[in-house]
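Please read the following dialogue with the model at hand.

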Amino acid sequence: MEGHRKSDRVVVPEKRPNNAPGAAEDVEERTLTKGNTKEPAAPRMQSREHGVSRGLGRVREAAQRDKEQKFTGLLHHIDEEALLRTFRAMNRRAAAGVDGVTWKQYEEGLGERLKDLCGRIHRGSYRPQPSRRTFIPKTDGTRRALGIAALEDKLVQGAVVAVLNAIYEADFLGFSYGFRPGRGPHDALDALSVAIQTKKVNYILDADIRGYFDTIDHEMLLQLVQERVGDPRVLQLIERWLKAGVVEEGQWQANAAGTPQGATISPLLANIYLHHVLDQWAHAWRKTCKGEVVIVRYADDFVVGFQYEQDAKAFQAALQTRLREHHLELHPDKTRLIEFGRYAQERRAKRGEGKPETFNFLGFTHICARGEGFWVKRLPMKARSRAKLRKLKETLKRNMHRPVAVIGAWLGRVLAGYYAYFAVPGAMWPLDKMRRQLGYLWFKVLRRRDQLRVLNWAKMTSIVDRWLPRPQRMHPLPIVRFAVRTQGKSPVR
C-alpha cells in the first residue's frame, strides 16, 4: 500500500516552542524526555534502567551517608562499559554536531572507537569540540539557541552525568523535578496542584529566570561542583565543555557564560547551580515565614505558593537580591505575584474585582475552579496550541500532494503525542477543539489541490474520523497519582 512506502513518509518533525516539554531535544529528534511520569526526566543515558555499575552504587550510598563528602576518585567509572551503555541509550536518529558523525556511522568499528576514546579520556588527551548552534522558535516570536554537541562529546558527557547523578541525587531537594531520573513534568504538575488544593496557599509567585542557561557564571558553577567533586580530571572535563564554544555559520564563538542547551551535561550542571543558588536558600528562607510556603521547580521555571501576602512580597524581594549575587535575574515580564487559591474568587468578589488571575506552568494554564469543591483546573496554553497549529498548517501545505493515508497517519501520531502530554482531567474540550481545527486546516489544504472541488465537509468528516483520534484522558487526578508515587513518604513541600 502507498501509505506504507518509506518514500511517502512525512519526516518533518514538529519542534516545540520555548519551555515546552522536550524543546531542547526535538531539534535532534530525541525521544521526549519531558514526558509523563513513566518517562525519565533526564536524558535517557541518566536512567537506572540502562544499567549502573556496582561502583556507582557504592558512590550513591556514600553520598547519601555523608552530605559533606568530596569524591576524589571518579574518572575510573568512565570505562568502555560505561561508554557503551551511554552509546546504546542515545537516540540513533539524533542530528550530528560539527563532526558530522551520526550514531550509525560511529557504530561501525564501535569496539575500537570506544577503546580509543576511553584511552584518550584517561590520558588527558580527549578534547571536546565546539557545539553546532541552531535555533528553535519561541512563542513570543524570538528564537532560542541550542547547541548540538559532537557524538563523542555526547558520549563522554552522558557517562559523566551517570557518575555525577549518583552523587547529586542524594543532594537535590524534593521540590526539584526537572531533568532528574525517574521524574517528569507531570510529577511537578501533580505536586503543584496537590499543594494548592491541600495546603494554605492564597498567593502564587510565578517566577522565571531571564536567559538562565545562557547566563550561568562558569567560575561560580565550577566552585559549586567542587564542593562534592574533588577529582581534578572530572573538573577539567567540565571546564573544557563549558569553554568549548559554539560554531554558527562556520564561525567559532566563545562561551563567556552559560551552558549550551541541547548538551547532555547542561541540564545537570544547571540543576547543580540552582540547587545551591535557589533551592537550599529558599528551603531555609521559608522556615522564617509566618505562614505555609510550598515550592515546585522544573529547571529554571518555578512556582512558589504562600499563605500570606507579606511573606510573598518579602520572598520576591529577597529572591531578586539572591539571584543578582549570582549573576542571575528574574524575568520582569514572566514573573508575577497573583492572588490564587481556595478563597481567591470569594475575596476578589467582595472587593468588586473580577475572576482570579491565572498562571502558566509547564505548558498548562492554571485556573481557580469550583466543582464539588475547589480544584486547580489545567488547560493547554492557548499560545502553545496556536503555535502548534501554525506549524502543522505549514507542514500540511508543503506536503499537500502526498497521499491522504500518509498524511492522515502522520497527523494521527502528532495528535496522539499531543494528547499524551496534555490530556489531563478537565482538558478534553480544548483538545477536541484542536482536533476539529486541525481537521479543518487539512480540509482547506485538500480543497486547494482538488481543482474540481469534489471534496465537501461531509466527506472530510469521515476522513477526520478515520485518521484523527479523539482525545481521551491520559492522566489520573493529580492527588491520586501523587499519593501513589509518594506513598506517604514525601509530603507536599
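This is a predicted model: local features need pLDDT of at least 70, side-chain atom pairs count only at pLDDT 80 or more; totals for chains, interfaces and linings use all residues.

Q: How many helices and strands does the protein chain have?
A: Helices (H or I, at least four residues) and strands (E, at least two) are DSSP runs, numbered from the N terminus. The protein chain has 18 helices and 11 strands.

Q: What percentage of the residues is buried?
A: A residue is buried under 20% relative accessible area, exposed over 50%, and partly exposed in between (1.4 Å probe, protein chains only). Of the 493 residues in the protein chain, 56% are buried.

Q: How many salt bridges does the structure hold?
A: A salt bridge is a side-chain nitrogen of Lys or Arg within 4 Å of a carboxyl oxygen of Asp or Glu. The structure holds 23 salt bridges. In one of them, arginine 88 pairs with glutamate 107, with the closest N and O atoms 3.4 Å apart. Arginine 88 lies in helix α3 and glutamate 107 in helix α4, so the pair ties together parts that are 19 residues apart in sequence.

Q: Which other residue forms a salt bridge with glutamate 107?
A: Lysine 104 does, with the closest N and O atoms 3.6 Å apart. Glutamate 107 is partly exposed at 26% relative accessible area, while lysine 104 is exposed at 56%.

Q: Which residues form the positive surface patch?
A: Patches are made of residues with over 30% relative accessible area and no salt bridge; like charges are joined within 9 Å, and nonpolar side chains (Val, Leu, Ile, Met, Phe, Trp, Tyr) within 5 Å. Lys382, Arg386, Arg390 and Lys433 form the positive patch. Helix α14 supplies the largest share, 3 residues. Lysine 382 is found in this helix and is exposed, at 62% relative accessible area.

Q: Which residues form a nonpolar patch on the surface?
A: Leu477, Ile479, Val480 and Val484 form such a patch. Isoleucine 479 has its place in helix α18 and counts as partly exposed, at 42% relative accessibility.

Note on methods:
Residues are numbered from 1 along each chain as its sequence is written. Side-chain values use heavy atoms; hydrogens and water are left out. Accessible areas come from the Shrake-Rupley method with a 1.4 Å probe; for residues, only the protein chains shown count as cover. Lys and Arg count as positive and Asp and Glu as negative; His and the chain ends are not counted. The place of a charge is taken as NZ of Lys, CZ of Arg, CG of Asp or CD of Glu.
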